[in-house]
Amino acid sequence: MSGVPRSGSTVLAAILNQNEQTHVTTTSGLVFALDGMANTWNSPGLLNAREENYERLVPAMRGAIDGFYENIDAPVIIDKGRGWPIPPIMQAMTQVVGAKPKIIATVRSIPDCMASFIRVAKPDNLDEFIESGDLATHLKAAYITLKTGYQYDPECFCIIEYEDLIANPKLQLERVHEFLGLPEFDYDFTAIDGTSVQEDDEGLHGYAGMHDIAPVLEKQNNDDPKDVLKQHYNTFCQPEFWLEEPRTVAEIHDLDIQLIVGQKGDFVSGWEIAQKIEKEEPHNHRAAFNRGWYLLRQGKIQQGYQLMDRGRKVGVFGKAAPDSPAKPWDGKSKGTVLLNLEGGLGDQIHQVRFAKHIEARGCSVIVACAGPLIPLFTDVEGVSAVIEHSYCSGVYHDFYVQGMSAVVPLGFELEDLTGEAYITKPKSIKGFRKRIGLRWQGQIAFEAEHKKKFPYQLMFDALEGVDAEFISLQRDEGADACPPWVRQVPLDTWEDTRQATASCDLVISSCTSVSHLAAAMGIETWTVIPIMAYFLYAQEGEKSPYYDTMKLFRQEVHDSWEAPFNKIKERLNERQALRRVK
């Protein structure tokens with residue numbers, strides 16, 4: 001048995017326990033014990049080193065289940081746990097039981113589930129309870145887990161909706177019996193004994209009464225979740241994937257309108273909406289994050305970053321703090337500071353610049369970053385050591401700084417930002433002709449957020465007739481679009497990419513990690529960006545306060561990319577040395 005929290009699994013379990021044919025557990029750790037066993041078998045250098053050991057996994061898992069339930073006499077055991085819909089576990093259980101697993105999943109609209117948590121917990125601070133509380137995180141994770149498993153194989157599931165269970169329990173129990181192949185049984189929905197499914201709610205969850213069961217099956221309240229969740233309602237509006245037409249639909253909020261007008265370049269209206277929401281919803285962290293972008297656009301760097309930092313509370317800015325007992329750095333204290341680089345690889349390349357400024361205040365700086373970037377950062381000014389993110393807890397430091405917000409403790413304003421090169425540019429052998437490096441696509445995973453992907457052909461057409469050597473700095477997705485007149489070079493590692501980029505006189509790129517690397521090495525870099533640009537490029541104009549050698553070519557019309565490439569073509573044609581003489 002699985003499903004989403006607060007959707008009736010406990011009461012359904014209590015009802016099924018009236019039947020001597022079935023035994024339903026309280027929340028069990030069995031599924032995670034089996035998952036741990038499977039992971040151990042699959043760990044390099046451990047049991048899977050020999051194939052015959054791997055073949056013993058299935059009987060070992062079966063033995064673990066038999067041992068776990070050796071004292072239960074019921075012919076049908078229903079184990080309750082959120083992890084059963086995880087596809088690898090479903091796949092493993094198919095081998096263990098010799099048939100597809102049967103999962104009874106109770107469901108309910110996600111806003112109703114969260115509202116139910118709030119009614120039980122009665123938090124003093126609703127915003128904090130939702131934004132940083134474990135129960136909200138648990139609900140979201142359970143929804144994603146169930147959705148993933150259901151999409152993997154819907155035939156494994158018997159979906160029981162909370163509202164249907166309350167309205168017609170007899171029909172829903174008949175569905176469960178048909179699903180499991182059980183004989184008929186006459187359940188009593190007016191004398192439900194919840195003692196068989198009681199849990200230590202206060203000890204486990206911090207709130208008493210989470211699994212209390214009333215003897216009579218009936219709806220406990222009729223509160224509208226919109227009234228309970230207030231401005232957080234849309235956060236929990238996830239579609240009911242088990243229905244052909246989902247019932248729960250997010251409401252249009254001023255933030256949605258602000259995004260639309262911003263993507264169209266109407267920043268006047270966007271700023272007016274930002275001010276309106278600030279008055280009406282001062283505690284709305286997502287709105288504060290958006291308002292920070294507009295302040296960055298106005299050149300108010302310190303204030304803008306402080307507001308954007310509030311986006312961490314709702315998962316739209318940066319990452320979680322490192323696993324460390326250290327305190328955040330205040331910009332004044334001396335000691336060893338862990339500069340924890342965040343975001344994509346380009347973000348991390350941008351943030352390492354702050355190491356020298358932290359060192360200048362009497363600190364030793366350890367940089368934590370994505371593993372592949374380590375070679376780029378070992379000789380950056382101000383960096384005493386570089387580690388991979390996962391090793392943060394094993395390296396001593398007095399303080400830490402989140403890379404995306406380093407400007408805040410440093411107290412920087414616009415005039416304090418510097419754009420000189422800070423990543424070492426290796427020497428390269430250059431030929432007679434100028435060399436231009438091209439990168440036409442970044443991480444597709446961020447496309448929905450940033451709207452920065454353009455038709456490749458626009459870039460290629462803009463370079464027609466230019467007397468230069470072209471090399472591709474594109475790898476992974478999009479690399480197969482490379483035209484024949486663009487030479488492909490090794491890009492297997494970031495050191496390869498640094499060498500290739502360093503050989504260029506000019507790099508033309510979409511908003512990608514390569515554009516950050518090129519500009520950080522002091523190479524002339526032309527970056528094509530959307531109307532509503534990434535926050536580093538929020539200010540108007542061609543220049544970037546972070547890179548002296550970068551020029552920004554901005555989209556001018558929503559959904560149209562002709563303008564920036566027309567400008568690129570004009571600029572290249574102005575350079576006679578790059579133009580082919582006909």
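## Surroundings of Arg435

Leaving aside residues up to four places away in sequence, Arg435 touches Glu469, Ile471, Arg487, Ser503, Cys504, Asp505 and Leu506. The model is predicted, and the values in this report are computed from it. Arg435 has its place in strand β11.

Two of the contacts of Arg435 are given here as polar contacts between side chains. One joins the side chain of Arg435 to that of Glu469, at 3.1 Å. The other joins the side chain of Arg435 to that of Ser503, at 2.7 Å. The relative accessible area of Arg435 is 15%; because buried means under 20%, Arg435 counts as buried.

## The sheet

Strand β11 belongs to an open sheet of 7 strands, in the order β13-β12-β11-β14-β15-β17-β16. The pairing in this sheet is mixed. The edges are held by β13 (487–488) and β16 (543–544), each of which has a single partner strand, so one side of each is left without a neighbour in the sheet. Arg487, one of the residues that Arg435 touches, lies within the range of β13.

In general, strands of a sheet pair through backbone hydrogen bonds, either parallel or antiparallel.

Strand β14 spans residues 506–510 and is mostly covered, with 5 of its 5 residues buried. In a regular strand the side chains alternate between the two faces of the sheet. From β14, Leu506, Ile508 and Ser510 point one way, while Val507 and Ser509 point the other way. Residues on both sides of the strand are buried. Leu506 is also among the residues that Arg435 touches.

On one side, β14 pairs with strand β11 (residues 435–439) in the parallel sense over 4 bridges. Arg439 stands opposite Ser509 in β14. β14 also pairs with strand β15 (residues 524–529), again in the parallel sense, over 5 bridges. Here the bridge partner of Ser510 is Val528 in β15. To get from β14 to β15 the chain passes through helix α24 (residues 513–520), and this β-α-β crossover is right-handed.

Terms used:
Residues are numbered from 1 along each chain as its sequence is written. This is a predicted model: local features need pLDDT of at least 70, side-chain atom pairs count only at pLDDT 80 or more; totals for chains, interfaces and linings use all residues. Side-chain values use heavy atoms; hydrogens and water are left out. Buried means under 20% relative accessible area, exposed over 50%, partly exposed in between (1.4 Å probe, protein chains only). Helices (H or I, at least four residues) and strands (E, at least two) are DSSP runs, numbered from the N terminus. Two strands pair if DSSP finds at least two bridges between them. A crossover is right-handed if, with the strands pointing away from the viewer, the path from the first strand over the helix to the second runs clockwise. A polar contact is a pair of N or O atoms within 3.5 Å; within protein, one must be able to donate a hydrogen and the other to accept it, and residues adjacent in sequence count only if both atoms are side-chain atoms. Contact means heavy atoms within 4.5 Å.
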